[in-house]
Amino acid sequence: MDGVIINDKIDIIVPWVDGSDPAWMKEREECRLKYGAEEKSISNIRFQSWDNLHYWFRAIEKFMPWVNKIFFVTWGHIPQFLKTNHSKIRILRHEDYIPKQYLPTFNSNTIEMNYHRIRDLSENFIIFNDDTFPLQPIEETYFFRENVVCDEAVEGHITPVEVGAISNMARYVQVNNMIIINRHFKKREVQSKNWDKWYCDDYGELLERTKSLQYWYDFAGFRDPHMASAMKKSTLSHIWKVEGEALERASKNHFRAHTDVSQYLIRYWQLCSGEFYPRRTLGKFYQVDIENYKEVAKDIEGQKYQMISINENCSMDEFEIIKKRINEAFDRILPEKSDYEK
């Protein structure tokens, strides 16, 4: 039929951690003592539970019903509500696809940069986090068109500031990603070959970022939307073939480390290869705190954005207040159980 864009199957991958699991906590502490990870780099703040994973599944079912399968990646714990025998759900433990020499791992970068080893994962897949929720219907063509990823090629720059152990370490990861990209791609050749994709009017005011960096011969960085991203399994496999030493070294880090590379490298590679359709990334990222959580809740209830991502920035006591209000908002727009729930 004319005008119809056909894709092959599209899967979702979402990793999840139950930070309250005693067995997981014990293994993490044993691993920390054995490998000498920095205490701050594995702060418990990253493992506070929002207790809203069921709303994520409801959102996927309601707003992205075309998804083929959901690969639920876990250390071993499984949410009590989850219908594990659902035809669309594939439970995947770390040992099911990550090589033994990298285990145990408490490093999200290791978990994500080995996704290509998942045998029955489709060539087209979307990386989600459990803190990223669709709030409006999203067509599959937002992510893929004719089996080509859809993304935005917007440049940025890395700011070398020390803003805490985790964030500062993330800066090193960004640098590592860019070293690899600039090793394989010449910026001016990349952009001249796909000028319309890099200087696409759909990017709006974000286009000014790329224009401001025209002087530089090398890529200084990219804008990293904290949203779900379309990926190709073959791209990640190729990166392992040409940069196996760097990815091997990074995968051996049981906790986040300065030698890591991240899943953003896959995005950058796809953009620099020119193998993408340009479109602006939609959605809103929130650093939720005690000052703005009521506004965030209203945005959820009003389904203001296509997709949102929520990170907390608060004390433990404040978190309980914030969590209650945010989850009330989710329940108002997603009150009915999904077919993924028991």
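## Questions on a predicted protein chain

User: How exposed is Trp216, buried, partly exposed or exposed?

Analyst: This is a predicted model, in which local features need pLDDT of at least 70, side-chain atom pairs count only at pLDDT 80 or more, and totals for chains, interfaces and linings use all residues. Residues are numbered from 1 along each chain as its sequence is written, and side-chain values use heavy atoms, with hydrogens and water left out. Buried means under 20% relative accessible area, exposed over 50% and partly exposed in between, with a 1.4 Å probe and protein chains only. Trp216 has a relative accessible area of 47%, so this residue counts as partly exposed.

User: How many residues of helix H10 are buried?

Analyst: Helix H10 covers residues 264–272 and is mostly covered. Its buried residues include Arg267 and Gln270 as well as Leu265, Ile266 and Trp269. After the helix comes Gly274, whose phi is positive, near 75°. The count of buried residues in H10 is nine of nine.

User: Which residues have the most contacts inside the largest nonpolar core?

Analyst: A nonpolar core is a set of buried Ala, Val, Leu, Ile, Met, Phe, Trp, Tyr and Cys residues joined through side-chain atoms within 4.5 Å. The largest one has 94 residues, and apart from it lies another core, of six residues, among them Trp75 and Phe255. Within the largest core, the residues with the most contacts are Trp56, Tyr115, Phe128, Phe143 and Ile300.

User: What is the radius of gyration of the protein chain?

Analyst: The protein chain has 12 helices and 11 strands. The radius is taken over C-alpha atoms, and the globule rule is 2.2 Å times the number of residues to the power 0.38. For 342 residues that rule gives 20 Å, and the chain's value is close to it, so the chain is as compact as a globular protein of that length, with a radius of gyration of 20 Å.

Notes. Helices (H or I, at least four residues) and strands (E, at least two) are DSSP runs, numbered from the N terminus.
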